[in-house]
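Welcome! Let's go through this model together, one question at a time.

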Amino acid sequence: MYITSLTLQELEEKVKQIGWERYRAHQILNWIYKRFVLDFEQMTNLSKEQRAFLKDNYLIHSLELLKVVEAPDSKKFLFKTRDGHIIETVLIYERDHLTLCVSSQIGCAVGCTFCATAKDGLTRNLRVEEIIGQFLQVQSLTKDKIRNVVFMGMGEPLANYENVRKAVEIMVSSWGLDLSKRRVSISTSGLINQLNRMAQDPLMRELNLAVSINAPFQSLRESLMPLSKTNTLEELLEVLYSFPYPPDRRIMIEYVLIHGVNDEVEHAKELARLLKKGKKKFKVNLIPFNPDPELPYKRPPMEKVYRFQKVLWEEGISTFIRISKGIGLFGACGQLRSKRLVLR
Ligand code: SAH
Ligand code: SF4
């Protein structure tokens, strides 16, 4: 049993069952989530017997750190799961804070044609302790506190709703990692059912929501994102227009710019039209495509990226460009695929 798969309440139940005082649960989680101590031996306010009991019956998390790859603005961590799969986590140094990009699945079933994670399909969902383990391992190796988490690594987080939700609960609870809900972002390719579920869920709907639109026309979106055949652009936008989001916040629209595919002025104009149709305000994040030898696309020249941004600006939509300096070394957050990296 993994401690980091449990909420405080669940751990309190467990310690009660073995006849310990209830506050022991709090003490254990304090070591893990406040001091990032990942070894029961070091939990010195527990008795020797208690530490031994924990060691015999529990593990803290399940990931083995294999490798760290450094880039100028980020660091990539490769972990091995218990059943031998490789997962990736990226720590990004932003101007004044650190952001951790976590994976939610091994592979992905959504099959976007521009995404390296899609290549081998879905292997399996990550478990709660595997999601939390990414944070704990990276934080225990990092001096400054990580305050931002984005679910933009491998996988479609809303396709692993239950485990992502519980991991989020651990991340934002005061007894857990105590992150602000506004600093945890869920990025989704737009699964309508799951977005509706999120909209009903007080915990999940207060997070930052980022939605990968990537194309403003249904037929083009279908060709890039096969899920769009059943989760159409029109339905997706309806869900977003009515999403119960605090009025002072904006849903983020992600748009990967691919050379000669979705990067023309007509695409920008149509995107602006769609985003202005509802009453809600959106912000747009443009991501110039990160090339990969196995993917059939190119990154547009920067002039086209700026031109696209200008069209949206002129329509009054706040638009940012996201580029990773790390791409020379490895695909950025959102373009992760580890098997090959390990083989190299
Ligand atoms: N599955 C979720 C989250 C992981 S992908 C989603 O699709 O939103 C995170 C982001 O990376 C998405 O916006 C996706 O469109 C983007 N992305 C995927 N492959 C990319 C590539 N080769 N270049 C640039 N961005 C990419
Ligand atoms: Fe999955 Fe997101 Fe990659 Fe699409 S872009 S295949 S949804 S990880």
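Predicted model: local features only at pLDDT ≥ 70, side-chain atom pairs only at ≥ 80, totals over all residues.

Q: How are helix 6 and helix 8 oriented, roughly parallel or roughly antiparallel?
A: Helix 6 covers residues 192–199 and helix 8 covers residues 233–241, with their axes 10 Å apart. The angle at which they pack is about 5°. Angles under 35 degrees count as roughly parallel. That makes the orientation of helix 6 to helix 8 roughly parallel.

Q: How many nonpolar residues are in the contact of helix 6 with helix 8?
A: On the helix 6 side we find Ile192, Leu195 and Asn196, and they meet Glu235, Leu236 and Val239 in helix 8. One residue of this contact is polar and one is charged. The nonpolar residues number four.

Q: Which strands stand at the edges of the open sheet?
A: The sheet has 10 strands with mixed pairing, in the order 1-2-3-4-7-8-9-10-11-12. From one strand to the next, the twist averages 20°.

Q: How many charged residues does the shell around ligand 2 have?
A: The residues that surround ligand 2 are Cys108, Val110, Gly111, Cys112, Cys115, Ala118, Gly155 and Ser189. By class, five of the shell residues are nonpolar and three are polar. For charged residues in this shell, the count is no residues.

Q: What separates the centres of domain 1 and domain 2, taken over C-alpha atoms?
A: The domain assignment places domain 1 at 3–57 and domain 2 at 64–329. The two are in contact through 13 residues of domain 1 and 17 residues of domain 2. Taken over C-alpha atoms, their centres are separated by 34 Å.

Methods. Residues numbered from 1 in each chain as written. Chains lettered and ligands numbered in written order. Heavy atoms only, no water. Near = heavy atom within 4 Å. Nonpolar A, V, L, I, M, F, W, Y, C, P; charged D, E, K, R; others polar. Axes fitted to C-alpha atoms, helices over the stretch in contact; angles between N-to-C directions. Helix = DSSP H or I, 4+ residues; strand = E, 2+ residues; numbered from the N terminus. Parallel < 35°, antiparallel > 145°, perpendicular 65-115°, else oblique. Contact = heavy atoms within 4.5 Å. Pairing = 2+ DSSP bridges. Domains from an automatic or database assignment.
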